[in-house]
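The following account leads through one model, going from a single residue to its wider setting. Please keep the sequence and the coordinates at hand while reading.

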Amino acid sequence: MLTKAENERLTRVGPGTPGGELLRRYWQPVAIASELSAEKPKQRVTVLGEELVIFRDQQGNYGCLAEHCAHRGASLYYGFVEDCGLRCATTAGGTLPPTASAWSSRSSRAAAPTRIA
Ligand code: FES
């Protein structure tokens with residue numbers, strides 16, 4: 001029988017937890033590629049306690065970003081899928097390419113939108 005502390009250590013998977021740090025070292029399935037189409041190119045998912053937006057850009061590349069923009073926290077779910085990424089819906093919105101920020105508690109929050117010419 002696990003103690004309460006052992007149970008907490010093994011079952012918590014959010015950012016900064018031992019279980020979460022372990023699981024973030026491995027690829028995690030978050031969706032089925034066929035769920036993202038030209039008609040519905042974005043989807044919200046919650047994985048390991050993190051709110052994410054997965055998308056397919058107009059070139060067919062897949063991306064996964066923290067849902068809330070690093071600039072002012074706008075939801076990227078309401079962003080615009082463009083030729084080479086997802087653009088934040090705010091007026092200051094830059095385009096985040098699919099490769100700009102692989103999902104992880106470390107990298108996704110560090111990526112600020114950048115304009116791509
Ligand atoms: S909130 Fe996204 S660019 Fe400002």
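Beyond its neighbours within four places in sequence, Thr 90 is in contact with Arg 72 and Ala 74. The model is a predicted one, and in it Thr 90 belongs to the loop that lies between strand 5 (85–87) and strand 6 (95–96). Tyr 78, twelve residues away from Thr 90 in sequence, is 9.3 Å from Thr 90 in space, taken from C-alpha to C-alpha.

Three strands form an open sheet in the order 1-2-3, and their pairing is antiparallel. Its edges are strand 1 (42–47) and strand 3 (62–66), each of which pairs on one side only. On average, neighbouring strands of this sheet are turned by 30° against each other, with direction ignored. Six bridges join strand 1 to strand 2 (residues 50–56) in the antiparallel sense. Across from Thr 46 stands Glu 51, a residue of strand 2.

In soluble globular proteins, nonpolar side chains tend to be buried together. Here the largest nonpolar core consists of twelve residues, among them Leu 36, Phe 55, Cys 69, Leu 76 and Cys 88. Strand 2 and strand 3 each contribute at least two residues to this core, and strand 2 provides its largest share, four residues.

Conventions
Residues are numbered from 1 along each chain as its sequence is written. This is a predicted model: local features need pLDDT of at least 70, side-chain atom pairs count only at pLDDT 80 or more; totals for chains, interfaces and linings use all residues. Two strands pair if DSSP finds at least two bridges between them. Axes are lines fitted to C-alpha atoms, for helices over the stretch in contact, and angles run from 0 to 180 degrees between N-to-C directions. Two residues are in contact if their C-beta atoms, placed from the backbone, lie within 7 Å. A nonpolar core is a set of buried Ala, Val, Leu, Ile, Met, Phe, Trp, Tyr and Cys residues joined through C-beta atoms within 7 Å. A residue is buried if 20 or more other C-beta atoms lie within 10 Å of its own, exposed if 12 or fewer, and partly exposed in between; C-beta atoms are placed from the backbone.
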